[in-house]
Amino acid sequence: MAKSDIITIEQLIEKARNYLTADDVEFVSRAYKYAENAHKDQYRKSGEAYIIHPIQVAGILVDLKMDPVTIAGGFLHDVVEDTEITLEMIEEEFNKEVAMLVDGVTKLGKIKYQSKEAQQAENHRKMFVAMAKDIRVILIKLADRLHNMRTLKFLPPEKQRQKANETIEIFAPLAHRLGISTIKWELEDISLRYLNPQQYYRIVQLMKQKREQRESYIEEVIKEVSNQLLDVNIDADISGRPKHLYSIYQKMYKQNKQFNEIYDLLAVRILVNSIKDCYAVLGIIHTCWKPMPGRFKDYIAMPKQNLYQSLHTTVIGPKGDPLEVQIRTKEMHEIAEYGIAAHWAYKEGKQLNKDKKSFEEKLTWFREILDWQSETHDAEEFVESLKVDLFSDMVYVFTPKGDVIELPSGSVPLDFAYRIHTEIGNQTIGAKINGKMEPLDYELKNGDIIEVMTSKHSYGPSQDWLKITQTSQAKNKIRAFFKKQRRDENIAKGKDLVDKEIRALGIEPKEALTEENLKRVYERFNFINDDDLYAAVGYQGITAALVATRLTDKIRQTRQKEQDLAQTLEGARNEYKEKEKKKYKKDSGVIVEGVENLLVRLSKCCNPVPGDEIIGYITKGRGVSVHRSDCPNVLTEEAKERHLHVEWEVDQTQKQYHVDLEISGYDRRGLLNEVLQAVNEMKTNITHVNGRSDRNKMAIIQITILIHNTDHLRKIVERIKQIKDVYTVTRTLQ
């Protein structure tokens, strides 16, 4: 596959004629002309005509020997997004299949999202769902991304890093999982160039320094192997295998190795005609040179999930240097290079339907993952969990019968159990790893043999399993169990949690839980009704805090506007009062209207602070006692006869006032320390602390703090509410 040369439309058509029929070539040519007309007068950042990009994308697909529908999709992949052409017009001009492929790679451009990240996540979700319907969607997208990466130098540095990072996180791992190594390596190498240019060019330089030495060494090895294979009449193609820059970088970075410590810098690849010859060649290699312990891998007997098959061995070569040897059949090599494309490729003008059907069956793992994600209502969460299941490093473990199961690194026996079958997972009571009982949070390692212990009398999964499991499949099946078994309980629990979160925002639930408001929110999260929404909160499919935030967003916006207006009016009112009234100030920070030489003190029963509405109460022999206006001690009919109008001084920044707070939450280790630390972070003094817990694991923490005013108090309360497992924060009366 050419990496730098720009292919012309004439060259592309000529390549297509080598494996497509005349009718297919005419179909592809028609798609090119349609795209050329649609993109006329459009130019790329590089200054070149826009049509060059679709030509290069289609050229990459031709190199992969794709079918005419996919190549047409490559030519037309941007017309809906960047021109006035619609999907209906494409379907009418070509066919439904081409329109479906174009739709699969078209971004969601007409919907407004809160952030670029959310929009990007929605685009990825759409692409993955389209890919599940037809795998050719991702082939077009990978070809599109590959050419965009080849021309990345024309974008600003920030855009370069953003595209490179997205490529290394999403597209290169996807190419790997689909077995298309020719695209994977190039995407990774180009991404490294923009993400870490210093290391990229350092490795390039190191590779150049010893190139002649390596080439002569490989020639010597090839000559020796050729002679040995000639003696036993094995026909083979032997070549040096180039080491990719990103692979070298990963080994230097992850394994903390120097350049000269990487074993497979020197490597040869041997292609033979049969599996029998593969093992025969392996025996000859191990006879010629001593194999290194632990460096042999048999991917023929145990293929990777992306269908990759090969024998890998590392030996001590002719000059005492480590030498990696890969041995595979020519058919295995085609799959190793082109992955899924090898199964979709046209041969002699006809698609191999048998191969296609076989491959479609092998791709069920991907469709299963998308099914597991179907209950994820947030696109960013969808993409993040997909990264875990698809793109993380993998471990390979065995069933007791010897079947190989592939799981993400960090998986535990529960992930294995749910991968085998939902009921096995739900009824799991323990696990034997290599014949020994291990806890359910044991981290699986390559080669582990796992026997899951089940019981029909099991009560089913525990909520704790959601924290233990690593795969989205296991988590979603556990949530589905709770959803199905305890729907009524989950609805009640979810409603209670949402109510608490709404109150924590200072809003009464009945104010937020209107029919219109609930409908707006449950439709936003793709639920059918409010019961489904509450049930999802109950089984932790969605957080109560997120639901409460959505339910109260309009109320909070309205209140903020009212508060801003009230503050403006209060400022004007205070200015007027300063001019019109005779006032007397005391150290309490309270102004008594029209009275001088009178003792003023703040009541300890309700501890009023600046910002609170207050009432003065004339006591017998102790001057004026200042209370909060809602204090029950001054709301009796008898007390009202002694009320006096008082108000706070305008400047309260230098004074401090006592406030009593009561904090309730889940009783866990470290909760009190986190509360005290949060208050301390707000640079607020604590004068008293008391805590207790009950048998229901409910913790009650009572603290007295010194604050300046209600704004200061509100900030402290909001900070405490951010602490995990804190349910409520209330101001108390003594």
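## Helix packing

A crossing of two helices is left-handed if the near helix is turned anticlockwise from the far one by less than a right angle, and right-handed if clockwise. In this predicted model, local features need pLDDT of at least 70 and side-chain atom pairs count only at pLDDT 80 or more, while totals for chains, interfaces and linings use all residues. Residues are numbered from 1 along each chain as its sequence is written, and side-chain values use heavy atoms, with hydrogens and water left out.

The crossing of α4 and α7 is right-handed. Helices here are DSSP runs (H or I, at least four residues), numbered from the N terminus. V69, T70, A72, G73 and L76 of α4 are in contact (heavy atoms within 4.5 Å) with E97, V98, L101 and V102 of α7. By class, six nonpolar, two polar and one charged residues form this contact.

## Nonpolar cores

The largest nonpolar core comprises 60 residues, and L12, I71, F75, L76, I90, V98 and I183 have the most contacts inside it. Such a core is a set of buried Ala, Val, Leu, Ile, Met, Phe, Trp, Tyr and Cys residues joined through side-chain atoms within 4.5 Å. Elements giving two or more residues to this core include α1 (9-17), α4 (68-76) and α7 (96-105). A second, separate core has 43 residues, among them L444, F482, Y534 and L551.

Beyond its neighbours within four places in sequence, F75 touches residues including I9, L12, V28 and Y32.

## A buried asparagine

N426 belongs to helix α22 (residues 422-426). With a relative accessible area of 8%, N426 is buried (under 20% relative accessible area, 1.4 Å probe, protein chains only).

Technical notes:
Buried < 20%, exposed > 50% of the residue type's maximum accessible area, 1.4 Å probe, protein only. Nonpolar A, V, L, I, M, F, W, Y, C, P; charged D, E, K, R; others polar.
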